[in-house]
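Subject: Structure for your review, with notes

Dear colleague,

I am handing over the structure below, followed by an account of what was found in it. Please read the notes with the structure open beside them.

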Amino acid sequence: MKVKFIVFVDNKNNGGASWIGLGYLFAMIKTEYECSISYYLFDEIKLAVDETLKYNPDYVAMPVLQHNYLVSMEFLSEIKKQAPQIVTQIGNILPSLYPKDIMQLNPSVDYIITGEGEYTLKELLDCLTNQRKPGKIDGIAYRDTNGEVIVNARRPPICNLDVLPTPDRNIYP
């Protein structure tokens, strides 16, 4: 499975430097999945869509906060219009706080990872790769076969960060 992380930032010079969680997420999956990350300014939606489609991912993941929510949703909407087979997922604090509302407002979002995503992302990718249903994965929101938004229980926090791989710092601009 090819995974593409897309991050909309307001400044490419240091826009990704504060996203340490991305380094952890990338480190968790890079040994088992082909993955790439790209950073775009808010006015680069068309470029982001074109480059993402050229990469031809199976899965697009995005960190979403208040400042990049609207541009991220516009990007995912365009991705789903042009390539509806791509699985889309968002995460971070805003989607964690309002998973049901965000999914109801944005049909282009297939999954939301709530809370800490390191183990959740890995488990979700493994589930999708093996064509299993995600219903038992803690820490996600998704749509069931009837289109109803389901919000699973939160995954417990990772208390010992030493069990995680070292964040991949090569992903930052």
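For accessibility, a residue is called buried under 20% relative accessible area, exposed over 50%, and partly exposed in between, with a 1.4 Å probe and protein chains only as cover. On that scale R154, which has a relative accessible area of 47%, is partly exposed.

Please keep in mind that this is a predicted model, in which local features need pLDDT of at least 70 and side-chain atom pairs count only at pLDDT 80 or more, while totals for chains, interfaces and linings use all residues. Residues are numbered from 1 along each chain as its sequence is written, and side-chain values use heavy atoms, with hydrogens and water left out.

Overall fold

The C-alpha trace spans about 40 × 40 × 30 Å along its principal axes.

Of the 173 residues in the chain, 54% are buried. If contact is taken to mean heavy atoms within 4.5 Å, residues 24 or more positions apart account for 68% of the contacts with a separation of 6 or more. By the Shrake-Rupley method with a 1.4 Å probe, in which only the protein chains shown count as cover for residues, the accessible surface of the chain comes to about 8800 Å², and carbon and sulfur atoms hold 50% of that area. Counting Lys and Arg as positive and Asp and Glu as negative, with His and the chain ends not counted, and placing each charge at NZ of Lys, CZ of Arg, CG of Asp or CD of Glu, there are 17 positive and 21 negative side chains, and the centres of the two sets lie 3 Å apart.

The nonpolar cores

In soluble globular proteins, nonpolar side chains tend to be buried together. A nonpolar core here is a set of buried Ala, Val, Leu, Ile, Met, Phe, Trp, Tyr and Cys residues joined through side-chain atoms within 4.5 Å. The largest such core has 32 residues, and V3, F5, L22, I29, I37, Y59 and L121 have the most contacts inside it. Two or more residues each come from β1 (2–9), α1 (20–29), β2 (34–41), β3 (59–63), β5 (111–113), α6 (118–129) and β6 (140–143), and α1 gives the most, with six residues.

A second, separate core of 25 residues includes V49, I90, L94 and V109.

Returning to α1, eight of its ten residues are buried, namely L22, G23, Y24, L25, F26, A27, M28 and I29. The cover over these buried residues includes β1, β2, β3 and α6. Leaving out residues up to four places away in sequence, V3 touches I29, Y33, E34, C35, S36, Y55, Y59 and L125.

Individual positions

R154 lies in the segment after β7 (149–151). Apart from neighbours within four places in sequence, R154 is in contact with S96, L97, T114, G115, D138 and G139, and its C-alpha atom is separated by 9.3 Å from that of I113, 41 residues apart along the chain.

P107 is found in the loop between α5 (99–105) and β5, where it counts as exposed at 64% relative accessibility. The C-alpha atoms of P107 and G147, which are 40 residues apart along the chain, are separated by 9.5 Å.

E51, in helix α2 (residues 45–55), is partly exposed at 37% relative accessibility. E51 and N152 are 101 residues apart in sequence and 33 Å apart in space, C-alpha to C-alpha.

Finally, two residues other than glycine have positive phi values. N56, with phi near 60 degrees, is in the loop between α2 and β3 and is partly exposed at 49% relative accessibility. N92, with phi near 110 degrees, is in the loop between β4 (87–91) and α4 (93–97) and is partly exposed, with a relative accessible area of 31%.

With best regards

Terms used: Helix = DSSP H or I, 4+ residues; strand = E, 2+ residues; numbered from the N terminus.
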